[in-house]
Every structure is written in C-alpha cells, then in structure tokens.
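Visitor: Could you walk me through this one? I'd like to begin with how the inside is packed.

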Amino acid sequence: MKKSLSTLLSAAGLCALLLPVALMAADMTKMQTGMGHAAGTGMSMMQGADGMSLMMHITKTDPYMKWDLMPGTTRMRQGMEPHGALQNVYVNKLALKAIKDKAGMLPDGAIIVKENYAPDGKLGAITVMSKKKGYNPEAGDYMWLKYGPDMKIQAEGKAAPCIKCHTKAKDNDYVMLAPLKK
Ligand code: HEC
C-alpha cells in the first residue's frame, strides 16, 4: 500500500514536471507558425503577427507593466461590461504620443493593454489592441487579443466581438477611453 502510494505520488510529480514542458513545446510550435506567417506577410516580428508573439512582446520584449497609464485614467479605474469592474489601462510610447498629440488615430506599432479585474481585485483577463498598418483596413488595422491570467489566449486577431462593440468608437479610431481628436 505504502509503495503504491509513493509510486502514484512520484508519477503525479513527473506529470506535474512534464506538463509545462509539453505546454511549452506546444507554444513553441505555435510561435514558429506565427513567425512563418509574419515573415510571409512581411509584418514586423517585433510585435508579432499572432496572439502568442504579441503576448511575448508585451510581457517579455517590452513589458507593458512599465508603460504609462492611458492619459486620463487612474490605477484600478472603474470599468464597464464586458471588461473588468476594475482596470489598469497601459499605453506604449507610440500610443501615448498619439493620445497626447490628439493625432486623430493611433500609428502603426501603437499598443494598448488593459488589465481587467473582478470587483474583489482578482485579475480576470488582459485585453489588447495592437495597431498594425495593413492588418485589417476595414476595422482600423487592429490586432485584438484577450488572454487569461494563465496566459491562455481566449481571442486573437480580427476578433469579431471586439470589433463589433469597439465600432461604436470608429470615429475615434476604435479607442473608447481617450479622445484622439482635437
Ligand atoms: C460590448 C462592448 C465591448 C466589447 C465586446 C469589447 N470591448 Fe473593449 N472596451 C469597451 C469599452 C466600453 C471600453 C472602455 C473601458 C471600459 O469602460 O470598460 C473598452 C476598452 C478597451 C480597451 C482599452 C482601449 C480603449 O478602447 O479605450 C482595450 C484594449 C479593449 N477594450 C480591448 C478589447 C478586446 C481585445 C475585446 C475583445 C476580446 C474587446 N475589447 C471587446 C467595450 C467593449
């Protein structure tokens, strides 16, 4: 009995060890596919052409947590459905400049990242808008991304639900929170 229990435990331990490796391997495959795609379309790999590489970009290459908050917003601002009850909205340098200059629209390479928290302060999801010239001219050239605290991607690319609702702010380059026009 004792032996089988310890065998079971070590088997469980092994699984726990192997699982992340397996997941990483899956991620790598996905990333490589993404890279192929990016190379094919001539898009900059700096930001990535798919959700996985965009996620890597904003967490590793240029961590969004070091960016400025979107002008006019505060830490843990109160948000609306379908996003978090509490939110932190970060903008990269290009987005910040365009918002400050009231440039009318965001430039290629601009990124907005929004952390969405439940009322109890628990992180629910991260939602991202990434401007890529030529990516989706019919809807403001944004790549949309949503991932959970477990880094699992829930929506990416030309995500119809995101676009549908953000179209309300079409005249403001699909951005809800900051006026881009003078
Ligand atoms: C039903 C409407 C609706 C849908 C669907 C929606 N959003 Fe939003 N989004 C908003 C509103 C309203 C705001 C302003 C912040 C707030 O009050 O929650 C916002 C803000 C944002 C922001 C901050 C920049 C800005 O526009 O102000 C990002 C980034 C964002 N949404 C990403 C997404 C992504 C990614 C999806 C799809 C997975 C999505 N949104 C789906 C309504 C929506």
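Visitor: Which residues have the most contacts inside the largest nonpolar core?
Guide: This is a predicted model, in which local features need pLDDT of at least 70, side-chain atom pairs count only at pLDDT 80 or more, and totals for chains, interfaces and linings use all residues. Residues are numbered from 1 along each chain as its sequence is written. The largest nonpolar core has 28 residues, and those with the most contacts inside it are Met70, Ala95, Ile111, Ile112, Val113, Val128 and Leu145. Such a core joins buried Ala, Val, Leu, Ile, Met, Phe, Trp, Tyr and Cys through C-beta atoms within 7 Å, buried meaning 20 or more other C-beta atoms within 10 Å, with C-beta atoms placed from the backbone.

Visitor: And which element gives the most to this core?
Guide: That is β6, with five residues; strands are DSSP runs of E, at least two residues, and helices runs of H or I, at least four, numbered from the N terminus.

Visitor: Which residues of α3 are buried?
Guide: Ala95, Ala98 and Ile99 are buried in α3. Seen down the helix axis, the buried residues of α3 fall within an arc of 100° (taken from the directions from axis to C-beta atoms), so they line one face. Their cover includes β3 and β4.

Visitor: Switching to the ligand, how many residues surround it?
Guide: The ligand is surrounded by 22 residues, counted when the C-beta atom lies within 6 Å, and the closest are Gly79, Cys162, Cys165, Met176 and Leu177. The largest share of this shell, four residues, comes from α4.

Terms used:
Buried ≥ 20, exposed ≤ 12 C-beta atoms within 10 Å, placed from the backbone. Contact = placed C-beta atoms within 7 Å.
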